[in-house]
Amino acid sequence: MNALAVAKLNFKKVKLSYFIFLALIGLQLISYMINNIFNKSNEGGFSLSFGFYAYIIIILSAMLIPARNFEKIMNFNVKKLDYMKGSVINYVVFALIISLFTVLCYLYLDKLLPVGNSFVANPFGVFGWDNNGVIIAFVRQFVFMLMVALVVHTLTTIQGTWYGWLTDIMIVAVICVFTPIASLRKVLVSIFDTLIFTPNAAIQITSCLGVSVVVYILCVLAVSRKRI
């Protein structure tokens, strides 16, 4: 089984993420219908774009693939590097489809939602990715979602190991120590600004790709040590 076959198997084994995404959209549409029937509106508030709901697909899949699919795939005598390459194919495809879907929501679907005068929060607008046009916004979301997927995949992969516990402790420590102290909090804010909110698209794209490469290498090392 090669990397492409691994990717195809993963697409079939993460159906829960598809179901939850569709269920969320269905529930939201029902909510809109009920509000219209009873003439209730969310004036002055905001509603989430379906583009945000699509995030659940790639994030949940990045948890399910290493948690549920790894051992099954290894039983097919697949090379661990092919498993990683196949997983990356999954995340690239998911990031592309989700970004295209977000473009569709941004240009058309968000305007059709029956929300009255309330604001529809689309990722492109919320994160400021639309400042340089839709195409750049598409690229910025793509690299961001790919990075997030690889980070979630890696964190899930290392759970149950000593370095996994150490990583969890370090994450909690950073949150607890950096958040209350203003000078350290600025460091966290600057990191998030660089990876998400910076108006400079080139910096954000390059930073996300750089983090993705580093995380991928670390995950490959972790998977090579992982016992079946």
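How many helices and strands are there in the protein chain? I counted ten helices and two strands, taking helices (H or I, at least four residues) and strands (E, at least two) as DSSP runs numbered from the N terminus.

**Ground rules.** I am reading a predicted model, in which local features need pLDDT of at least 70 and side-chain atom pairs count only at pLDDT 80 or more, while totals for chains, interfaces and linings use all residues. Residues are numbered from 1 along each chain as its sequence is written, and side-chain values use heavy atoms, with hydrogens and water left out.

**Confidence.** I looked up pLDDT, the predictor's confidence in each residue from 0 to 100, and found a mean of 91 for the protein chain, with 97% of its residues at 70 or more.

**Order of elements.** From the N terminus on, I read α-α-β-α-α-α-β-α-α-α-α-α.

**Record.** I checked UniProt, where an unreviewed entry lists "transmembrane region" for residues 16–34, 46–67, 88–109, 134–155, 162–181 and 201–223; such annotations may be inferred rather than shown by experiment. In the model, residues 16–34 are 100% helix and 0% strand, with the end C-alpha atoms 27 Å apart, and residues 88–109 are likewise 100% helix and 0% strand, with the end C-alpha atoms 29 Å apart.

**Helix pair.** I followed helix α5 (residues 80–112) to α7: the axes come within 8 Å and cross at roughly 140°, where axes are lines fitted to C-alpha atoms over the stretch in contact and angles run from 0 to 180 degrees between N-to-C directions. The residues of this contact divide into 19 nonpolar, five polar and no charged, with Ala, Val, Leu, Ile, Met, Phe, Trp, Tyr, Cys and Pro counted as nonpolar, Asp, Glu, Lys and Arg as charged, and the others, Gly among them, as polar.

**Largest pocket.** I noted about 1000 Å³ of space in the largest pocket, a pocket being an open set of points on a 1 Å grid over the protein atoms alone where a 1.4 Å probe fits, with protein on both sides within 12 Å along at least five of seven lines, and lining residues having an atom within 4 Å of a point. Of its 25 lining residues, Val 151, Leu 155, Thr 167, Ile 171 and Val 215 are the closest to the centre. By class, the lining has 22 nonpolar, two polar and one charged residues, and its largest share, seven residues, comes from α8.

How values were computed: Points joined across faces, edges and corners; volume = space filled by probe spheres on them.
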